[in-house]
Amino acid sequence: MSDRILGNNDAASWEAIYQADDAGWDIGAAAPPFCDLLVAAPAWLRPGRMLVPGCGAGHDAAAFAAAGFAVTAMDFAPTAVRLTREKGIHVVESNFLQPPAALTGAFDYVLEHTCFCAIPVCDRPRYVAAARRVLKPGGLLIGLFYRFDPADVNGPPFALSEEDLRTAFEPEFEILELQSPARSHGKRQGRERFLRMRVTT
């Protein structure tokens with residue numbers, strides 16, 4: 001990924017990556033672990049209102065919408081917004097770290113995929129606060145958190161450890177499930193963790 005977005009969290013920097021056709025995070029389809037989750041259809045995963053922050057081209061959002069979820073996607077890069085809207089998904093053009101007040105308590109789910117690892121490490125508490133803010137009481141944050149490999153500060157994507165995740169999300173969220181997915185895309189195998197977390201009361 002280009003170093004022009006190193007440490008930045010602004011729409012212009014990310015839009016420049018799209019304009020340079022350098023969106024290396026875009027795998028061109030929904031993430032395999034999410035596809036497997038939808039096929040497995042666990043009892044806890046029932047259609048509801050879902051927010052997909054940092055939605056990119058909208059592949060994950062479209063997969064959950066096709067499965068009956070009422071999906072709202074969010075991104076602040078104009079190209080990402082356009083690509084997602086072209087898939088028929090409702091998109092809010094906004095920075096997830098500053099979600100519109102109208103979205104407070106509006107969602108049953110937040111779906112995470114390569115958004116948390118892309119923000120500066122110092123902004124992780126703002127992500128957690130935003131996720132808690134938009135979820136209903138008892139709402140779930142489900143997602144693929146990337147990347148789990150030797151620590152490195154030269155992101156994005158910024159490396160994570162399981163301890164980093166627990167430090168970031170507890171006690172605002174209760175971690176219900178944390179595991180390596182059986183199937184990931186390409187070189188992401190072994191470098192992702194699937195988490196299911198519930199907002200604490």
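Glycine 68 follows helix α3 and has a positive phi, near 105°. Helices (H or I, at least four residues) and strands (E, at least two) are DSSP runs numbered from the N terminus. The model is predicted: local features need pLDDT of at least 70, side-chain atom pairs count only at pLDDT 80 or more, and totals for chains, interfaces and linings use all residues. Residues are numbered from 1 along each chain as its sequence is written, and side-chain values use heavy atoms, with hydrogens and water left out.

**Helix α3**

- Helix α3 covers residues 59-66, and its buried residues are His59, Asp60, Ala61 and Phe64; buried means under 20% relative accessible area, exposed over 50%, and partly exposed in between (1.4 Å probe, protein chains only).
- These buried residues of α3 pack against α2 (32-40), β1 (49-53), β2 and β4 (107-113), where contact means heavy atoms within 4.5 Å.
- An α-helix has 3.6 residues a turn, so residues three or four places apart point the same way.

**Aspartate 75**

- Aspartate 75 lies in strand β2, which spans residues 70-75.
- Aspartate 75 is buried and has no salt bridge; arginine 85, the nearest side chain of opposite charge, is 11 Å away.
- For the charge count, Lys and Arg are positive and Asp and Glu negative, while His and the chain ends are not counted.
- The side chain of aspartate 75 reaches the backbone nitrogen of glycine 56 at 2.9 Å.
- Leaving out residues up to four places away in sequence, aspartate 75 touches Gly54, Cys55, Gly56, Ala80, Val81, Val91, Val92, Glu93 and Ser94.

**Salt bridges**

- The structure holds nine salt bridges, each defined as a side-chain nitrogen of Lys or Arg within 4 Å of a carboxyl oxygen of Asp or Glu.
- Side chains of opposite charge can pair when their charged atoms come close.
- Arginine 196 forms a salt bridge with glutamate 177, with the closest N and O atoms 3.2 Å apart.
- That pair links distant parts of the chain: arginine 196 is in strand β7 (residues 192-199) and glutamate 177 in strand β6 (residues 173-179), 19 residues apart.
- Arginine 196 counts as buried, at 15% relative accessibility.
- Aspartate 123 and arginine 126 form a salt bridge with their closest N and O atoms 3.5 Å apart.
- Aspartate 123 is buried, with a relative accessible area of 13%, whereas arginine 126 counts as partly exposed at 34%.
- Glutamate 170 and arginine 166 meet in a salt bridge at 3.7 Å, N to O.
- Glutamate 170 counts as partly exposed at 36% relative accessibility, and arginine 166 is partly exposed at 33%.

**The chain as a whole**

- The protein chain has six helices and seven strands, in the sequence pattern α-α-β-α-β-α-β-β-α-β-α-β-β.
- Along the principal axes, the C-alpha atoms fill a box of roughly 40 × 40 × 35 Å.
- Buried residues make up 50% of the 201 residues.
- Among contacts between residues at least 6 apart in sequence, 65% join residues at least 24 apart.
- The accessible surface comes to about 8,900 Å², of which 52% belongs to carbon and sulfur atoms; accessible areas come from the Shrake-Rupley method with a 1.4 Å probe, and for residues only the protein chains shown count as cover.

Note on methods
Polar contact = N/O pair within 3.5 Å; in protein donor to acceptor, adjacent residues only side chain to side chain.
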